[in-house]
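Let's take a walk through this protein together.

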Amino acid sequence: FAFASSLGRPVRIATLGGGPGYELLAMRCFLRDTKSLPDVDIYNTDVQPTWREYSEALGFGFRVFDIHNVTADLCDVCELGTDELDMVVISYVAIYFAKVPGNPQHEAACDMLFKLLKDRRVKMLVVSERSEETPLCSMMERRGCIAERLMDQDMGLDERQSIIVLKERRDEILTKRRLPPGEQRKLEANEATFKNVPFEEHKIKRGGAAGAGGSQTKWYD
């Protein structure tokens, strides 16, 4: 995150549907330990207010936010102004609010996310999902965004992990280009924390229950 050094303030991250905040805990550890960003402000939001005590126990402030409330503004809920929120983490919830292109409610949710990028100058959306196909990526691309698919694409479409940015801000925010097909898989196989459970494997290609692993999951030496 080359932009972090020029901010003059902590990197600010908010989540949509963050629940108890486990993904934010992982994000904080990653940024601090891997990217050497000790100052990170994190805002957890969810439609379910009962997650508050768990989130706050992990050290994250909690706000109630419903992405389907078209009058709500994530920055306002987090008490932040324009250009004051850097990243929005969307982990395993896009399937619920941006699954069906053409659905008025789902399109309105994408409009809200585009407004965060365009008008509120949020730098990126960090998206993690279970399925190889994440409709949010193509829905945001139709609004003039770039969806940088972080998974290796040499085995076919894989949108489980993506970063979404405005097209005109891509070079400003993402300074590292993707490796050629196949090379990313080789690199990450060498750096995998648990080498027998590589995240880069392709669920559909390796088979399994409805393309999701199941009883046919392949184990590696």
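Start with the largest nonpolar core, which has 34 residues; among these, Ile-90, Leu-113 and Leu-136 touch the most other members. A nonpolar core here is a set of buried Ala, Val, Leu, Ile, Met, Phe, Trp, Tyr and Cys residues joined through side-chain atoms within 4.5 Å. Buried means under 20% relative accessible area, exposed means over 50%, and partly exposed is in between (1.4 Å probe, protein chains only). Helix H5 gives this core its largest share, six residues. Apart from it sits another core, of 17 residues, including Val-11, Ile-13, Met-27 and Val-40.

Before going on, a word on what you're looking at: this is a predicted model, where local features need pLDDT of at least 70 and side-chain atom pairs count only at pLDDT 80 or more, while totals for chains, interfaces and linings use all residues. Residues are numbered from 1 along each chain as its sequence is written, and side-chain values use heavy atoms, with hydrogens and water left out.

Now zoom in on Ile-90. Which residues is Ile-90 in contact with, leaving aside its neighbours within four places in sequence? They are Leu-16, Phe-97, Leu-113, Leu-125, Val-126, Val-127, Ser-128 and Leu-136, with contact meaning heavy atoms within 4.5 Å.

Step back and you'll count eight helices and seven strands in the protein chain. These are DSSP runs numbered from the N terminus: helices are H or I with at least four residues, strands are E with at least two. Seven strands make an open sheet with mixed pairing, in the order S3-S2-S1-S4-S5-S7-S6. Two strands pair if DSSP finds at least two bridges between them. At the edges are S3 (61-64) and S6 (145-149), each pairing on one side only. Neighbouring strands of the sheet are turned by 25° against each other on average, direction ignored.

As a bit of background, strands of a sheet pair through backbone hydrogen bonds, either parallel or antiparallel. For an antiparallel example, look at S5 (residues 124-128) and S7 (residues 161-166), which are joined by four bridges. Val-126 has Ile-163 as its bridge partner in S7.

Helix H1 (residues 22-33) lies across S1 (11-16), S2 (40-46), S4 (87-91) and S5, and runs at about 165° to S2. Helix H5 (residues 104-118) lies across S1, S4, S5, S6 and S7, at about 60° to S7. For these angles, axes are lines fitted to C-alpha atoms, for helices over the stretch in contact, and angles run from 0 to 180 degrees between N-to-C directions.

Val-77 lies in helix H3 (residues 74-77) and counts as partly exposed because its relative accessible area is 23%. Not counting residues up to four places away in sequence, Val-77 touches Arg-63, Val-64 and Phe-65. Glu-79 is in the loop between H3 and S4. Is Glu-79 buried or exposed? Glu-79 has 68% relative accessibility, so it counts as exposed.

What about the cysteines? Cys-137 is buried, with a relative accessible area of 1%, while Cys-29 is partly exposed at 39%. A search of the whole structure finds zero disulfides, a disulfide being a pair of cysteine sulfur atoms within 2.5 Å.

Finally, the whole chain: of its 221 residues, 46% count as buried.
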